Amino acid sequence: TDGLAASPIPTQAPSPGSRPAIQEISTTGLMLSGNVRLENSTPLGNVQICRSFAAYDGETVATSDDSGHYEAGLTFIPGIETIGVWPKLEGYSFDPPFYTWVHYHGLETRTLDFIAKISSGTPEISFPAECGS
């Protein structure tokens, strides 16, 4: 025949190193971001953003910058967990005073904004936990 010759059929499967590996990435946890502003919309910097799990004391996970913005990187959470997040800066009270919810599983990204107002004395709200650094 003067047509094209048929290609030979491979007799064995490709070796494992010759094909790209399939990689599954599964992340479970929490990422936080948001803004802290005064009642007149002026950004407020240097505000501690505190986060706690269930009945544990909180920890500072971010601090707002000069534009009032904060971001907390990924915190791994392996299962169901009660989360609390609140701002802290001496001389200010915040609205809302804190956020709380139950994280179930998977990657959760939350944007939590706070409005600050100048106050004196102790906050009217008792926070869900202390906030260390």
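The dialogue below goes through a predicted model of one protein.

Q: What is the model, and how are its residues numbered?
A: It is a predicted model, in which local features need pLDDT of at least 70 and side-chain atom pairs count only at pLDDT 80 or more, while totals for chains, interfaces and linings use all residues. Residues are numbered from 1 along each chain as its sequence is written, and side-chain values use heavy atoms, with hydrogens and water left out.

Q: What is the mean pLDDT of the protein?
A: pLDDT is the predictor's confidence in each residue, from 0 to 100. Where pLDDT is low, the predicted coordinates should not be read in detail. Here the mean is 83, and 72% of the residues reach 70 or more. Among the elements, β1 has the highest mean pLDDT (96) and β10 the lowest (76).

Q: How many helices and strands does the protein have?
A: Helices (H or I, at least four residues) and strands (E, at least two) are DSSP runs, numbered from the N terminus. This protein has 10 strands and zero helices.

Q: Which residues touch the most other members of the largest nonpolar core?
A: In soluble globular proteins, nonpolar side chains tend to be buried together. A nonpolar core is a set of buried Ala, Val, Leu, Ile, Met, Phe, Trp, Tyr and Cys residues joined through side-chain atoms within 4.5 Å. Buried means under 20% relative accessible area, exposed over 50%, and partly exposed in between (1.4 Å probe, protein chains only). The largest core has 19 residues, of which Leu32, Val36, Ile49, Tyr70, Val85, Phe94 and Phe114 touch the most other members. Strands β1, β2, β4 (69-76), β5 (81-88) and β9 (114-118) each supply at least two residues of this core. The largest share, three residues, comes from β1. Of the 133 residues of the protein, 30% count as buried.

Q: Which cysteines does a disulfide join?
A: A disulfide is a covalent bond between the sulfur atoms of two cysteines. The rule used here is a pair of cysteine sulfur atoms within 2.5 Å, and by this rule the count comes to one. It joins cysteine 50 to cysteine 131, with an S to S distance of 2.0 Å. Cysteine 50 lies in strand β2 (residues 48-53) and cysteine 131 in strand β10 (residues 131-132), so the pair ties together parts that are 81 residues apart in sequence. Both cysteine 50 and cysteine 131 are buried.

Q: Why is the disulfide of cysteine 50 and cysteine 131 left-handed?
A: The disulfide is left-handed because the torsion about its S-S bond is about -90 degrees.
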